[in-house]
Each structure stands twice: as structure tokens, then as C-alpha cells.
Amino acid sequence: MQNGSGPMGMNLTSDTHLIEDVSRAINLEVHTYNFYQRLIQLTPNEQFRQIILRIQHDEIKHYHWFTMILRMMGGQEPQITFGEIPRDFKQGVQKAIQNELEASAYYQDIASKATTHYVQMHFIHASHDEQRHATWLQNILMMDNMKMNNSSSGEILEGLKVAENPAFPIGSKAIINAEHMPNMKGAEATIIGAYDTTVYMVDYISTTGEMVKNHKWLVESELSPK
């Protein structure tokens, strides 16, 4: 084990006050990896599986970053404890979104307390990854809620009206500029449906009392006046 020195003789001993936080972050990454391993087994389609595999790959990357940082601080590798495992796909995705947002905030907090750029940089990058993961997972829920898993059938989605003069006609090709899903930006798309609707982004308190921020997207048929 290295004694507080890293690449090119970098010294992280000034951040030894973060050893406990970094140890907890390592535990979180192991729990998250195992959580997604089970979620992959529960995943109903290949598209969702590929998204979760991409997220899981990032969690492995974070684990290696944090383990290296802990060694460079002179800390001992933590005892890994058992974490929660999902039993239902949709509930698992909802829990994963909450976990990702909490991890993002926690990593930002560690970065704010770090005194070395090396630690700050890695925890800020990890925080941004977790925010992106939450967005990807929110879109999995959106597709699942709107029953778009098998939308290639061309069937009209419930609650949507067919657009009379869409900018992109049915059957035409387009290049995707959005990047809220892995490997989406720059891909060629075939237009299989065009609809007139309004979509909403919402904050809500779940039925279990959990606050969910910036959930994307709900169509009007999924909302009722209060």
C-alpha cells in the first residue's frame, strides 16, 4: 500500500480528514454495483439492460478512483457491508434514481471539503456521472410508463393525438441531437410516430414520502387535477 503518495509523487496526506468519507463512498459504489447487477436480471428489455450496464460500468470506474485515492491518503481499504437488492424492476429503478441523486450530492460535499485538486476533480466527475445516471433512469421510467418499450409496432400511444403536419413526416430520417440516453447523440433515427401533446416535468413527494426532483416527462393523460 502507498503511504500518502500517488502518481508523480502526488501527496494527498492533507486530505486525510476525508478518509472516512472516501471509505463510505467505496462502500456505496460496491452496493450500487450489486444493486444494478440484480436490476439487470429484472430488466424487461435489451435497451434498458444496455443503459443499466453503461451505468454499472461508471460505478466500477468510480470504485477504482476512490480506492486509489484512499490508498494515496494512507487509509486502509474498508470492510464492505451488504446493501439493498431490488426485487421489482420499476421500484428498483425508482430507488436507483434516489440513490444516484443522493450519491451525487454526497460526492459534491466531499469535493467541497477536499484540499487537493486530484481529489476534488475525481469526486466532481463522479458527482456529474451520478446526475447523468439519474436522468437515464428517469427516462427508463418514462418509457416504461408510456408503454414505449415496443413502440416500433407503430401503434398510437395512449393519450396522444396524431400530429397533422409534423416537422418530420412518418418514415423520414433524422439525426438525434439529444443525449439523455447512452450513445444517443448523433444516431440516425427513423420517424415512426408524431403526436400533438403537452409534456410536464414535475417535482413530487412519492407515496412513501420521498421527494423526487425534476422527473421527466409526464403526458396529460398521466395527470389529474387536484
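**Helix packing, term by term**

Modeller: The accessible surface of the protein is about 13,300 Å², and carbon and sulfur atoms hold 52% of it. Areas come from the Shrake-Rupley method with a 1.4 Å probe, and for residues only the protein chains shown count as cover. This is a predicted model, in which local features need pLDDT of at least 70 and side-chain atom pairs count only at pLDDT 80 or more, while totals for chains, interfaces and linings use all residues. Residues are numbered from 1 along each chain as its sequence is written, and side-chain values use heavy atoms, with hydrogens and water left out.

Colleague: How many helices and strands are there in the protein?

Modeller: The protein has 4 helices and 6 strands (DSSP runs numbered from the N terminus, H or I of at least four residues for helices, E of at least two for strands). Along the sequence the pattern reads α-α-α-α-β-β-β-β-β-β.

Colleague: What share of the contacts in the protein with a separation of 6 or more comes from residues 24 or more positions apart?

Modeller: Such pairs account for 68% of those contacts (contact meaning heavy atoms within 4.5 Å).

Colleague: What is the hand of the crossing of α1 and α2?

Modeller: α1 passes α2 in a left-handed crossing, the near helix being turned anticlockwise from the far one by less than a right angle (clockwise would be right-handed).

Colleague: What makes α2 and α3 roughly parallel to each other?

Modeller: The axes of helix α2 (residues 46-73) and helix α3 (residues 89-113) cross at roughly 30 degrees and come within 14 Å. With that angle under 35 degrees, α2 and α3 are therefore roughly parallel. Phe48, Ile52, Ile55, Glu59 and Phe66 of α2 meet Phe89, Glu100 and Tyr107 of α3. By class, this contact of α2 with α3 has 6 nonpolar, no polar and 2 charged residues. The crossing of α2 and α3 is left-handed.

Colleague: At what angle do the axes of α1 and α3 cross?

Modeller: The axes of α1 and α3 cross at roughly 160 degrees and come within 11 Å. That is again over 145, so α1 is roughly antiparallel to α3. Among the residues that meet are Asp21, Leu28, Tyr36 and Leu42 in α1, and Phe89, Val93, Glu100 and Lys113 in α3. The contact of α1 with α3 divides into 12 nonpolar, 3 polar and 6 charged residues. The crossing of α1 and α3 is left-handed.

Colleague: How do you know whether tyrosine 36 is buried or exposed?

Modeller: Tyrosine 36, in helix α1, has 1% relative accessibility and therefore counts as buried (buried being under 20% relative accessible area, exposed over 50%, partly exposed in between, with a 1.4 Å probe and protein chains only). Beyond residues up to four places away in sequence, tyrosine 36 touches Ile52, Ile55, Gln56, Glu59, Ala96, Glu100 and Leu137. Its C-alpha atom is 9.2 Å from that of valine 93, 57 residues away along the chain.

Colleague: Why is arginine 71 classed as it is by relative accessibility?

Modeller: Arginine 71, in helix α2, has 33% relative accessibility, so arginine 71 counts as partly exposed.

Note on methods: Axes are lines fitted to C-alpha atoms, for helices over the stretch in contact, and angles run from 0 to 180 degrees between N-to-C directions. Angles under 35 degrees count as roughly parallel, over 145 as roughly antiparallel, 65 to 115 as roughly perpendicular and the rest as oblique. Ala, Val, Leu, Ile, Met, Phe, Trp, Tyr, Cys and Pro count as nonpolar, Asp, Glu, Lys and Arg as charged, and the others, Gly among them, as polar.
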